[in-house]
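Subject: Structure for you to look at

Hello,

Here is the structure I said I would pass on. Please open it next to this message, and then read the notes below it.

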Amino acid sequence: MPELDIRCVTTTAGNQTLEKTTYNARRILTLIGRTDIPVAKGRETPLLAKPMQAASVHGDSGLDGPPLPEPGQELSP
């Protein structure tokens, strides 16, 4: 399987709030051992629609399920 050349990750509100999706992105990168990838917050709301959080589908955290590690990197500006 070829490696991906991930330079950074940005987050937006989606299945949960911007704070929770950003936290989850950092947790996933920690899980896969890629704390060298910067993570930055993006837009808090959709451009054309009202925000919709799907806690009933994705859980209160937006990524409920198996336990994930705490983020191993700081948020980038």
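Two residues are in contact when heavy atoms of theirs lie within 4.5 Å. With that rule, and leaving aside neighbours within four places in sequence, Lys 20 is in contact with Asp 60 and Ser 61.

Before the rest, some notes on the source. This is a predicted model, in which local features need pLDDT of at least 70 and side-chain atom pairs count only at pLDDT 80 or more, while totals for chains, interfaces and linings use all residues. Residues are numbered from 1 along each chain as its sequence is written, and side-chain values use heavy atoms, with hydrogens and water left out.

Overall layout

The protein has 2 helices and 2 strands, and from the N terminus on they run β-α-β-α. Both kinds of element are DSSP runs numbered from the N terminus: a helix is H or I with at least four residues, a strand is E with at least two. Along the principal axes, the C-alpha atoms fill a box of roughly 35 × 30 × 25 Å.

The protein has 77 residues, and 25% of them count as buried. Buried means under 20% relative accessible area, exposed means over 50%, and partly exposed is in between (1.4 Å probe, protein chains only). Among contacts between residues at least 6 apart in sequence, 77% join residues at least 24 apart.

Charges and salt bridges

There are 8 positive and 9 negative side chains, and the centres of the two sets lie 6 Å apart. Lys and Arg count as positive and Asp and Glu as negative, without His and the chain ends; each charge is placed at NZ of Lys, CZ of Arg, CG of Asp or CD of Glu.

How many salt bridges does a search of the whole structure find? It finds 4, where a salt bridge is a side-chain nitrogen of Lys or Arg within 4 Å of a carboxyl oxygen of Asp or Glu. Here are some of them.

- Lys 41 and Glu 19 meet through their side chains, at 2.4 Å from N to O. This pair links distant parts of the chain, with Lys 41 in strand β2 (residues 39-41) and Glu 19 in helix α1 (residues 18-31), 22 residues apart. Lys 41 is partly exposed at 37% relative accessibility, and Glu 19 is partly exposed at 49%.
- Arg 7 pairs with Asp 5, the closest N and O atoms being 2.7 Å apart. Arg 7 counts as exposed because its relative accessibility is 63%, and Asp 5 counts as exposed at 57%.
- Asp 36 pairs with Arg 34, with the closest N and O atoms 3.0 Å apart. Asp 36 is exposed at 54%, whereas Arg 34 is partly exposed at 24%.

Is Thr 11 buried or exposed? Thr 11 counts as buried, because its relative accessibility is 5%. Thr 11 lies in strand β1 (residues 9-11). Beyond its neighbours within four places in sequence, Thr 11 is in contact with residues including Leu 18, Ala 25, Val 39 and Arg 43. A polar contact of 2.5 Å joins the side chains of Thr 11 and Thr 22. A polar contact is a pair of N or O atoms within 3.5 Å; within protein, one must be able to donate a hydrogen and the other to accept it, and residues adjacent in sequence count only if both atoms are side-chain atoms.

Thr 30 is in helix α1. A polar atom of the Thr 30 side chain lies 2.7 Å from the backbone nitrogen of Gly 72. Not counting residues up to four places away in sequence, Thr 30 touches several others, among them Thr 35, Pro 69 and Gln 73.

Lys 20 also has its place in helix α1, and is partly exposed at 27%. Its side chain reaches the backbone oxygen of Asp 60 at 2.8 Å.

Gly 59 is in the segment after α2 (55-58) and is buried, with a relative accessible area of 10%. Gly 59 and Gln 16 are 43 residues apart in sequence, with their C-alpha atoms 8.8 Å apart in space. Gln 16 is also one of the residues that Gly 59 touches, not counting those up to four places away in sequence.

Regards
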